[in-house]
Amino acid sequence: TARNRNLSGLMAEVLNREIICLLQTLGEVAQETGCHAYAVGGFVRDLLLHIKNLDLDVVIEGDALAYAKKLGKKLGGKVRTHEKFGTAVVKLPDGFKIDIATARLEYYEYPAAMPTVELSSIKLDLYRRDFTINAMAIHLNPDTFGTLVDFFNCQNDLKDRQIRILHNLSFVEDPTRIFRAIRFEQRMGFKIGRHTEKLIKNAVKMELFDRFFGHRFFNELISILSEENPIPAIHRMADLGLLRFLHPTLRIEPKLATILEETRQALAWHRLLYLDEPCRQWLVYLLALMSSLPVREVVVFCERFEVPLRHRQFLGREKLAVTRIAAIMKRAMPETPSGMYHLLKDLSPEGLLHLMGLLKKKGCKKAISLYVTDWRQLKPETDGNDLAEMGYRTGPLYGTILRCLLDARLDGLVHDRASETAFIKEHFSLPDQ
Ligand code: ATP
């Protein structure tokens, strides 16, 4: 049986009133529908660690789809159901999302005349989860609201800061859990349990991964590379012999270690300056990890992990462009800002940060950072209307003049409208009157 402990007090301490009210409503709707509702997974784990986690996963013992519809109606939310998986998402008017799933069911056939009984399905549901720290639930129905459901003594592992699987075949069943173990270990400063680590090493030795590629692995890799600082997790993957599953020749050599660290610094710099410019950190780290591989090996990687086409094209294009530019900059940096501008102007934010991670020379980094902070925003003050007023005939010449003007501006040859006008008159003759 589960260890019972009521978490209402803890909830009041960690969560705000709206969330607690919402949890209560979730329980009331369960009562009205004649089923049981539980908050599960990361939400419970984080609550016990006094961390507010707004990813709410709910498991229903009963019909989750009927429950979701009723909940949607009561809260005025939008309901999306996936009949095949018995899951639903309810999106509330304020944007808050609740994931709802049906607990797994298992029937036990008793021998002879005994009836078939339904095993407490929340127990089975929790048993099928990745790690003990993620295998607790909180009962939400009104009469037991806030009761912690912990069948496998998971609280102890949380207290001991241990990542442990629930049964020995866990990694055979789903090897992506190995990536998850490393992610949780590094993020929370926990330790993968001794037995669990042994099972990971066995799985690696058995080359379990050779059969398990595809997008689920890729998604776990994205999650790792999206952690605030994924470098310790990358080193842990290397220690456990996992990098070669990404690519057989991938190793953390001093050169790659430096590139990863420089990449981290470039990303931190960018985050500080451009909070609102979207930059997909995981792509920058993936480019860094793959920096020693030729493009065709990146293509092989993308195929094995079923990387979506848009990412594949992006990775290929940015890798080629950055490799080319890095070679030019190592050989001979452009001498003028305009030369630098034209070299960098087609790179994405991710490509620029990848380039910064690759180049060691201070001068190179400085030039890229100036491009990001100043040069790429620069525009001449003169525009097409001004050129018409000055008497130039409309046509392709306008493009040429404005491009030259931008270069002149970048290189400091002009700095305001008056000097731009003088520059144009000096270099482009007006048509005969
Ligand atoms: P995060 O804070 O990173 O979102 P999380 O624990 O919420 O952590 P999710 O990936 O959102 O992680 O998964 C939600 C829950 O689903 C987990 O807590 C875990 O119980 C379960 N789960 C996810 N992936 C697996 C898996 N591969 N095998 C078993 N259970 C899993």
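Start by selecting Lys78 together with Lys91, its bridge partner in β4. They belong to strand β3 (residues 78–82) and strand β4 (residues 87–91), which run antiparallel and are joined by five bridges. Strands here are DSSP E runs of at least two residues, helices are H or I runs of at least four residues, and both are numbered from the N terminus. Two strands count as paired if DSSP finds at least two bridges between them.

A word on what you are looking at: this is a predicted model, in which local features need pLDDT of at least 70 and side-chain atom pairs count only at pLDDT 80 or more, while totals for chains, interfaces and linings use all residues. Residues are numbered from 1 along each chain as its sequence is written, and side-chain values use heavy atoms, with hydrogens and water left out.

Next, pick Gly86. In the hairpin of β3 and β4, with four residues between the strands, Gly86 takes a positive phi near 65°. Now follow β4 onward: five bridges join β4 to β5 in an antiparallel arrangement, and the partner of Lys91 in β5 is Lys97. The hairpin of β4 and β5 has five residues between the strands, and there Gly95 takes a positive phi near 95°.

From β5 (residues 97–102), step across to β2; these two run parallel and are joined by five bridges. Select Leu56 and you will find Ile98 as its bridge partner in β5. Is β2 mostly covered or mostly open? Strand β2 (residues 56–61) is mostly covered, with five of its six residues buried. Buried means under 20% relative accessible area, exposed over 50%, and partly exposed in between, using a 1.4 Å probe and protein chains only. Strand β1 (residues 36–40) also pairs with β2, in the antiparallel sense, over five bridges. To see one of these bridges, select Ala39 and its partner Val58 in β2.

Now display the ligand. Which residues are closest to it? Among the 17 residues that surround the ligand, the closest are Arg45, Asp174, Arg177, Arg183 and Arg187; a residue counts if one of its heavy atoms lies within 4 Å.

- Arg183: an N or O atom in its side chain is 2.8 Å from a ligand oxygen atom.
- Arg129: a polar side-chain atom lies 3.0 Å from a ligand oxygen atom.
- Gly42: a backbone N or O atom lies 3.3 Å from a ligand oxygen atom.

Taken alone, the ligand exposes 590 Å², and the protein buries 75% of that (Shrake-Rupley areas with a 1.4 Å probe). Colour α3 (42–48) and α8 (176–188), the elements that give two or more residues to the shell around the ligand. The largest share, six residues, comes from α8.

Glu227 lies in the loop between α10 (215–225) and α11 (231–239), and at 15% relative accessibility it counts as buried.

Last stop: Thr373, in helix α19 (residues 362–373). Thr373 is partly exposed, with a relative accessible area of 25%.

Notes:
A polar contact is a pair of N or O atoms within 3.5 Å; within protein, one must be able to donate a hydrogen and the other to accept it, and residues adjacent in sequence count only if both atoms are side-chain atoms.
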